[in-house]
Amino acid sequence: MKLIKRVFLLFSSFLFLGCVTAPAGKILKTFPHEAEISEEENLRFIFPAFVNEESKIIPGDGSIVIFPDNKIMVIDGFDPKIRNQFTAFIKELGYSKIDYLVATHFHGDHIGGFPSLMENFEIGSFYSPGAPISNYSSERVLKLLKEKNIPEYVLKEGDELEFGKVHMKVFSPNLSEEDIFNVKNNPGKTAKLINNTSLVFKLSYKDFSIMYTADVYKNREREICQKYGKELKSNLLKVSHHADFYTANSYAWLSTVQPDYGIVIDNLFINRPWGGYVIRNRFSLNNILLLYNNSAGVIMVESDGKEYSISCQ
C-alpha cells in the first residue's frame, strides 16, 4: 500500500500542470481529459518523453503500465541513446522488478533500452512476436534472456492473457516459420517486413481499453479490421508507426477502433511535407483528438475501469 501511495504521489507531481496544446496554427489541438475516478484499484499508463542536451526529443517508443495489483509492464524501451534515462525513470517510480517486459517488435528504436533494463531490474517474464532481427539490440536482448534465465513467451494472433484484472487480446501477428526466417536472414528485408511483425493488442480493464499498434502498416490494419470489426473498439489508441500517414493509420483502422484519443510517441513524420496536416486531418475527420509526447511531455492515463483521465507533465 505504501508503494501504491508513493507512485500515486509521483503521478500527482507529474499531473498538476495539465496538458500542453499543440503548436499554434495546427488543425487539431490537444486537451486533457478529466473524470471523477476512485483512487484504489486503478490502471495507470505512463508515456514518457526524453530529451538530449539540446532539448530535442530522443527518438523511440516505450511506455509503462502499472496494474491495479501494483505490478508493472514495460512495453518497448525507446532508443539506446536514452537507456540510462529510461532506467532511472522507472527506478524513480520505486520499482526494482519489471514483472512483464514486452517487445512489440525488434527494431532498435523500440528495444534499444531493454539491455539496460534487463541489467538493472529483475525481469519476471518477456513477451515478443518471436521474430528477432540482426541488430545489436536484438542480439544483446536474446543473450541476456539466456544468461538471466528469463521466461520467454511468443505472442501471436488470437492469444488472450490475464494480468490480474487486466485482459490482453492479441490481434497480430500470425507469422509463419518462413516469415520469421526472412525477418532475420533475408538480406533484402525491408522496414515494412519487420514492422508488420509488430504485436497489435488490446488491454482491457472492466469498461476501459487501450489499443497498442506499434509500427504495423496499413495492409495489416485493414486485415485486422476485416476479421475483428467492432471487437477493436477502444477508448484510447497508441497511434501506429509514430503517426505516419503514408504507411499506417488508415481510415479503415481509425473508423473501426474509434478511440477518443490517439497517443503519439516520437512523431518522426511531423516534418514530412504535408505530413502533420494530413495525419491531423485524418484523425479529426474521425473525431479523434491527438496527444503528442513531443509537445505534451509525459502523458499520463489513469482509469478505475469505468472512467479515465489524461494529464501531461
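**Entry 1. Surface and overall composition**

I began with the surface: the accessible area of the protein comes to about 13600 Å², and carbon and sulfur atoms hold 50% of this. Accessible areas were taken from the Shrake-Rupley method with a 1.4 Å probe, and for residues only the protein chains shown count as cover. The structure is a predicted model, in which local features need pLDDT of at least 70 and side-chain atom pairs count only at pLDDT 80 or more, while totals for chains, interfaces and linings use all residues. Residues are numbered from 1 along each chain as its sequence is written, and side-chain values use heavy atoms, with hydrogens and water left out.

I then looked up burial and found that 57% of the 313 residues count as buried. The classes are buried (under 20% relative accessible area), exposed (over 50%) and partly exposed (in between), with a 1.4 Å probe and protein chains only. I noted eleven helices and 15 strands; these are DSSP runs numbered from the N terminus, with helices (H or I) of at least four residues and strands (E) of at least two. Of the contacts in the protein with a separation of 6 or more, 73% are between residues 24 or more positions apart, where contact means heavy atoms within 4.5 Å.

**Entry 2. Confidence**

I checked pLDDT, the predictor's confidence in each residue from 0 to 100. The protein averages 85, and 82% of the residues score at least 70. Over residues 1-30 the pLDDT stays under 50, and the model has 58 contacts beyond four places in sequence for this stretch. Where pLDDT is low, the predicted coordinates should not be read in detail.

**Entry 3. The seven-stranded sheet**

I traced an open sheet of seven strands, in the order S7-S8-S9-S10-S11-S12-S13, with mixed pairing. Two strands pair if DSSP finds at least two bridges between them. Strand S7 (160-163) and strand S13 (289-292) are the edges, each pairing on one side only. On average, neighbouring strands of the sheet are turned by 20° against each other, direction ignored. I recorded that helix H8 (residues 218-228) packs on this sheet, where H8 touches strand S8 (166-172) and strand S9 (200-205), and that its direction makes about 115° with that of S8. Axes are lines fitted to C-alpha atoms, for helices over the stretch in contact, and angles run from 0 to 180 degrees between N-to-C directions.

Within the sheet, strand S10 (residues 208-212) and strand S11 (residues 236-238) pair in the parallel sense over three bridges. Met211 has Leu237 in S11 as its bridge partner.

**Entry 4. Backbone geometry in loops**

Most residues other than glycine have a negative phi, and most peptide bonds are trans. I therefore listed Asn149, exposed with a relative accessible area of 67%, which has a positive phi of about 55° and lies in the loop between helix H5 (136-147) and strand S6 (152-154). Lys206, in the loop between S9 and S10, also has a positive phi of about 55°; its relative accessible area of 56% makes Lys206 exposed.

I located a cis peptide bond between Ser172 and Pro173, with omega about 10°. Pro173 lies in the loop between S8 and helix H6 (177-185).

**Entry 5. Aromatic pairs**

My search of the whole structure found 17 aromatic pairs. Rings of Phe, Tyr and Trp (its six-membered ring) pair if their centres lie within 6.5 Å; planes under 30 degrees apart count as stacked, over 60 as edge-to-face and the rest as tilted. Phe78 and Phe86 are edge-to-face because their ring centres are 5.1 Å apart and their planes stand at 75°; both residues are buried. Tyr127 and Tyr153 are stacked, at 5.2 Å centre to centre and 20° between the planes. Tyr127 is buried at 7% relative accessibility, whereas Tyr153 is partly exposed at 43%. I also noted a cluster in which ring pairs link Phe45, Phe47, Phe201, Phe208, Tyr212 and Tyr308.
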